[in-house]
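User: I have not looked at this one before. Can you walk me through it?
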Amino acid sequence: MTDPTRQTADFDALISATGSGGELHQHAAEGGRRLTTAQGVVIADNQNSLRVGAPGPTLMEDFILREKIFHFDHERIPERVVHARGYGAHGTFTCTRALPDVTRAAPFDTEGKETEVFVRFSNVAGNKGSVDLARDLRGFAVKFYTEDGNWDIVGNNIPVFFIQDPIKFPDLVHAIKPAPDRDFPQAQSAHDNFWDFISLTPEAMHTVLWQMSDRAIPRSFTTMEGFGVHTFRFVNDAGASTFVKFFWKPRMGLQSVLWDEAVKTNGADPDRHRRDLWDAIDRGDFPEWDLGVQMFDQSFADSFAFDVLDPTKLIPEEDCPVEIIGTLRLDRNVDNFFAETEQVAFCTANVIPGVDFTNDPLLQGRNFSYLDTQLKRLGGPNFTKLPVNAPKGCPVSNYQQDGHMQTDARKGRVNYEPNGWGEGPRAHPLEGYVSYKDPVSGDKARLRPASFADHYSQARQFYISQTSSEQDHILAAFVFELSKCKEAAIRERMVAHLLNVDAALAQNVADRLGLPDLPQPAPAARPTRTDLAPSPALSIQNPAPDSFAGRIMGVLLSDGFDGALLAALEQAVRDEGGLLRFIAPRIGGVSCSNDNLHAVTDQIAGGPSVLFDAVGILPGAPGLADNPAAVDFLSDAFVHCKFIGWVDDASDLIDACALTGKEEAGLCKLDGPEAVMPFVAACRSLRHWPREDAFAS
Ligand code: HDD
């Protein structure tokens, strides 16, 4: 065996030969860990391959080189066919309301009970290297490691889905992904193929309204809701079932960005969402979501206006309350992105006793698809042995064996059941998973329930539940997306659908696209649309947020800034639970009025205001108006409806951005430290939306 402390006799000669001089000396002197091959052989030189003569040929005998390059060549695995770009973290689910009468699901059996979880957020359409702030649905997948096995809620940040039948899923995904001939556009729905498919798929209209809303451009993972989408079943000890829908409600409240902000953020920080999550957990600011459930019985389902098994429909919270039963807290970043976030494998079919499926056709299809895709992606059937996928806190014991990368060395001769050897695990009818006895009958046929046929009523309900500002964003999103369609017939077909949702929305989209005439409304499967009451819970802006906690204020400084004012601002923001970033023309520091140097977090060109929730403009002297990045900083903050605090020395910049004399509550003059508190208090509502009216065109 190699003695790890042994040094080669001609150590100095080796150091000079490898060229890794001082570092190698120091490492060896400190008795540091030895670099080895995968076979455990200590490597003497990791800088030079084995050659004959100084410039001579490389030898095939160099097993160190070959092993290293071989492993490198195989580092990549296929990315997920959808949801490729994702980010995960570990955490804990705590039950705050036990439901022993409703379900035997382990996480809900006792109040205060903690269950380990792993969560992965994702973008749907873009590839693994795409940007965070694409207009897209976000995945919200949670794996509970319970003592009864692993349970996954594989949800999205939008409570409905585009299609009702899984047979359409490959077409939907093909349509939104880059076109097969040209391989663009990446991570975007703004192209002909997507809208061609959608305009021929009326059942997608409800989800498309959500997709064009601010829900599809969340500020961060921590400010978005999650939904299990389908109706599932809770099943209790007596075998009785209750329908259930799952909701994750962010403790930070809902918050999104504007489209222009999203576009610019993707350039300034394409990793905005993952960085935000990593940083929050890293500094101990653990994000939390409440788990809510809508629970209802068959008679509610029968009386509800839509089929509860239709994944393109939701049940408004006003019709069936969301009851909070627990809290999810993410408190540990991964040690290794690939080993955990990339290799984690979710599956809707991963259920535990107490949770069961319904006949939602989309859910039934998903139950097949996820297991299948893991085989392709992770290379074999033993991916369940990877630490992030393996159950924790309960034994795994069965007769599955062999396969690629088997790590279990099970002992004994018995690998089948029943066996007469008295060895090995046995099924347990009382403790084991028993499917809910759902009586089914019918003809075998390819069919769609008539109860799934209304594609417009809930799309309209969503639209009329938005504030006027949110409705404007939906309008702008449709105009942007459809203006990217080269084919006029596609634009027209979409307007024909929108006429069934809201006549004014359709007219405005048509006007802004320059459609010569309004088309006829799209023929509906159901002759009429039902006019439903608005559901305020569907809006992000309503009720207005009232906290700056976890938000970031970006303060633009230049030499000679007022130190006392900045100190007051820092204190007030920190008292609110907010964070600060300091932006200046030079990264090396900025000097205060008393000549003290203040640290700078971002050089102005690298710290645009799109990265911050509110801004302070606190230069020490006029002059920022000559800096184009400073002009962008302020004018973007204004256009994005952010709260802005400013001082006299910023007057030239205010002027350069045409804001002189603008009297409005979101533009706050900081005349002295006493003006700071009202400014920071105003920032609690996060945006000054009335400003948008000034830009309406
Ligand atoms: Fe899916 C991944 C969510 C419909 C097939 N899906 C995937 C992920 C999420 C969802 C969050 C990423 C999981 C992770 O982080 O690893 N999918 C949904 C939701 C749907 C939905 C909320 C509708 C309600 N999905 C859906 C259908 C099918 C799939 C109808 C196929 C018939 N989904 C997949 C997949 C993926 C996937 C191809 C890709 C990678 C993976 O599974 O592990 O199997």
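This is a predicted model: local features need pLDDT of at least 70, side-chain atom pairs count only at pLDDT 80 or more; totals for chains, interfaces and linings use all residues.

User: Where is Arg 366 placed?
Analyst: Arg 366 sits in helix α11, which covers residues 361-378.

User: Is Arg 366 buried or exposed, and why?
Analyst: Arg 366 is buried because 21 other C-beta atoms lie within 10 Å, and the cut-off for buried is 20 or more.

User: Which residues does UniProt list for "binding site"?
Analyst: The UniProt entry, which is unreviewed, lists Arg 80, Arg 120, Phe 169, Arg 366, Tyr 370 and Arg 377 under that heading.

User: Take Arg 80, then. Where does Arg 80 lie?
Analyst: Arg 80 is in the loop between α3 (63-73) and β1 (85-95). Arg 80 has 22 C-beta neighbours inside 10 Å, so it counts as buried.

User: New topic. How many residues does the largest nonpolar core have?
Analyst: The largest nonpolar core has 109 residues. Those with the most contacts inside this core are Val 117, Val 119, Leu 209, Leu 498, Val 501 and Val 509.

User: Which domains does this core draw on?
Analyst: At least three of its residues come from each of domain 2 (85-183 + 199-385) and domain 3 (456-538).

User: And what does Val 117 touch?
Analyst: Not counting residues up to four places away in sequence, Val 117 touches Gly 91, Thr 92, Phe 93, Val 142, Lys 143, Phe 144, Tyr 145 and Leu 328.

User: What about another core?
Analyst: Another core, of 43 residues, lies apart from the largest one. Ala 630, Phe 643, Ile 644 and Cys 683 are among its residues.

Technical notes. Residues are numbered from 1 along each chain as its sequence is written. UniProt positions are given in the numbering used here, feature names are shortened, and annotations may be inferred rather than shown by experiment. Helices (H or I, at least four residues) and strands (E, at least two) are DSSP runs, numbered from the N terminus. A residue is buried if 20 or more other C-beta atoms lie within 10 Å of its own, exposed if 12 or fewer, and partly exposed in between; C-beta atoms are placed from the backbone. A nonpolar core is a set of buried Ala, Val, Leu, Ile, Met, Phe, Trp, Tyr and Cys residues joined through C-beta atoms within 7 Å. Domain bounds come from an automatic or database domain assignment. Two residues are in contact if their C-beta atoms, placed from the backbone, lie within 7 Å.
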